[in-house]
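Have a go at each task before reading its solution.

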Amino acid sequence: MAEDSDLEKTEPASPKRIEDARKKGQVPRSHELTTFATLMAGLITVFILAPDIYLAIKEIMVKNFTFAHHDLVNTKPMQEALVQSLGGALVALLPVFAACVLVAIMVPILIGGWVFSMEALAPSFSKLNPISGIARMFSVRTVVETIKTILKSGLIGGIAGWLLWSEKEQFISLITMPPDAGFLMLWQMLKYTLLMTVCGMAVIVLIDVPYQLWDYYKGLRMTKEDVRQENKESEGDPHVKGRIRQLQREAARKRMMAEIPKANVVVTNPTHYAVAIQYDEAMRAPKVVAKGSFLLAERIIELAKAHKVTVVRTPPFARALYHHAQLGEEIPAALYTAAAEVLAYIYQLDQYRKEGGLEPVLNTDLPVPAELDPEANIRGI
């Protein structure tokens, strides 16, 4: 049962899955919303520009229905007049076409956003499979689209038919009216009919847009196994990541060990902690080149002795450096004085080994602030 539940698509689509779908050109779209908005934009533009469109069409009709005697025997002027009439009608209706095109491009972005994908344009030979084609013909999506088309045709056709039937007497009376008055009355009737018909589509849009969004995200749902696999791919296999971190630690440790021969001194706890310090005149302050605890501390001490780097026992100073100084960075300013005393001791010790004389003694009570020593409160310092 658990395996079956893992294979059921019960999980919502992850952001990565949605983004992958967008790259393939798969975004939610509502053709009903686009159709409604395009028709509404066209109607509004026609309403606004109706006087100009009326005058332009009237001028074209008057010009084309006015004939001279020579036009009856010569067809060339008639052809020229036809071309001019078509051009004039196109110019008059061009704002309407432009508004429709602009809205048809912009409206789909409202629910799916802008997307351009070459994958959507690539040929898919799987769509040529007749079995898959038959399955798509009888799918739930196809049934829903068919029902939606029938309801849409019935609703819009019913509204338009009812309005035209209720105004049949006005249509008949147009025959007896003068052209200007008849055209004005016809325009008022058509404007009302078209507006009510397009508004009827708003009902379909209010149903279609939520359905398209629901259907889109339903199709992108994931199984629990898909979620686990995606997390593994995005975050990386824990075993692989662990191995990488281990290799990184080993590489960092090797680099750290390679710096120990360059150190001036290694301070110890004596065995719990070991910190190697390097300083020369070009540096602003001493820096930590290696540090470790327990087994690593022992390894640092052994390596320091092998390269004749002085190892000194300074427990509070070593603890403070280990806990508050970062590897490869300068020591904290609060430890400058203690570091200066240790480095001065190392310099004097080198001079003693070269020239002899009185052997230097390291001050065991180094000025280490209590707040930097994690064991200061335990020991009552």
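**Exercise 1.** Is arginine 284 buried or exposed, and which residue does arginine 284 meet in a salt bridge?

Solution. Start with the accessibility: this is a predicted model, and in it arginine 284 has a relative accessibility of 66%. The cut-off for exposed is over 50%, so arginine 284 counts as exposed. Next, look for the partner: the side chain of arginine 284 meets that of glutamate 330 in a salt bridge, at 2.5 Å from N to O. Now place the two: glutamate 330 sits in the loop between H13 and helix H14 (336-355), while arginine 284 sits in the loop between S2 and strand S3 (287-293), so the pair ties together parts 46 residues apart in sequence. As for glutamate 330, its 32% relative accessibility makes it partly exposed.

**Exercise 2.** Work out where the salt bridge between aspartate 373 and arginine 319 sits, and whether its two residues are buried or exposed.

Solution. First the contact: the two side chains meet at 2.7 Å, N to O. Then the location: arginine 319 is in helix H13 and aspartate 373 in the segment after H14, so this bridge ties together parts 54 residues apart in sequence. Finally, the cover: buried means under 20% relative accessible area. Aspartate 373 comes in at 5%, so it's buried, and arginine 319, at 2%, counts as buried too.

**Exercise 3.** What kind of aromatic pair do tyrosine 211 and tryptophan 214 form?

Solution. The structure holds three aromatic pairs. For this one, the ring centres are 6.1 Å apart and the planes stand at 35°. Planes under 30 degrees apart would count as stacked and over 60 as edge-to-face, so this pair is tilted. Both residues belong to helix H9 (residues 179-219); because they are three residues apart there, about one helical turn separates them. Tryptophan 214 is partly exposed, at 46% relative accessibility.

**Exercise 4.** Which elements does the aromatic pair of tyrosine 273 and tyrosine 322 link?

Solution. Geometry first: the pair is tilted, with 4.6 Å centre to centre and 35° between the planes. Then trace each end: tyrosine 273 is in strand S2 (residues 273-278) and tyrosine 322 in helix H13 (residues 315-324), so distant parts of the chain, 49 residues apart, are linked. Last, check accessibility: tyrosine 273 is buried at 14% relative accessible area, whereas tyrosine 322 is partly exposed at 22%.

Note on methods
Residues are numbered from 1 along each chain as its sequence is written. This is a predicted model: local features need pLDDT of at least 70, side-chain atom pairs count only at pLDDT 80 or more; totals for chains, interfaces and linings use all residues. Side-chain values use heavy atoms; hydrogens and water are left out. Rings of Phe, Tyr and Trp (its six-membered ring) pair if their centres lie within 6.5 Å; planes under 30 degrees apart count as stacked, over 60 as edge-to-face and the rest as tilted. Helices (H or I, at least four residues) and strands (E, at least two) are DSSP runs, numbered from the N terminus. Buried means under 20% relative accessible area, exposed over 50%, partly exposed in between (1.4 Å probe, protein chains only). A salt bridge is a side-chain nitrogen of Lys or Arg within 4 Å of a carboxyl oxygen of Asp or Glu.
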